[in-house]
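This report describes one protein chain, from its surface down to a single residue. The sequence and structure come first.

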Amino acid sequence: MKSRNFIYRIWSLYADGFRQMTVGRTLWMLIAVKLVIIFAILKWLFFPNFIKEHSQEGKEADFVATEMLKGG
């Protein structure tokens, strides 16, 4: 029973804190937008799917094994 009360108090602390945020919500939104940019757009632009472009369909594992054994 004590652990449930402790967990409830922790949850209540965070819930009240996020509920009363004003500037914090804007900062969290900025963080979310930056993460979308980093993981979606930059990956799409700078990290193409090299294995898909250089191997035959269904033979991706063989391509990776061959490249690893060649050493580069």
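## Surface and charge

The protein chain exposes about 7200 Å², and 68% of that is supplied by carbon and sulfur atoms. Accessible areas are from the Shrake-Rupley method with a 1.4 Å probe; for residues, only the protein chains shown count as cover.

There are 10 positive and 6 negative side chains, and 21 Å separates the centres of the two sets. Lys and Arg count as positive, Asp and Glu as negative, with His and the chain ends not counted. Each charge is placed at NZ of Lys, CZ of Arg, CG of Asp or CD of Glu.

## Basis of the model

The model is predicted: local features need pLDDT of at least 70, side-chain atom pairs count only at pLDDT 80 or more, and totals for chains, interfaces and linings use all residues. Residues are numbered from 1 along each chain as its sequence is written, and side-chain values use heavy atoms, leaving out hydrogens and water.

## Fold and dimensions

The protein chain has four helices and zero strands (DSSP runs: H or I of at least four residues for helices, E of at least two for strands, numbered from the N terminus). Its C-alpha trace spans about 60 × 35 × 20 Å along the principal axes.

Buried residues (under 20% relative accessible area, 1.4 Å probe, protein chains only) make up 4% of the 72 residues.

## Ser55

Ser55 sits in the loop between α3 (50-54) and α4 (60-70). Ser55 is buried, at a relative accessible area of 15%. Its side chain reaches the backbone oxygen of Ile51 at 2.6 Å.

Note on methods. Buried means under 20% relative accessible area, exposed over 50%, partly exposed in between (1.4 Å probe, protein chains only). A polar contact is a pair of N or O atoms within 3.5 Å; within protein, one must be able to donate a hydrogen and the other to accept it, and residues adjacent in sequence count only if both atoms are side-chain atoms.
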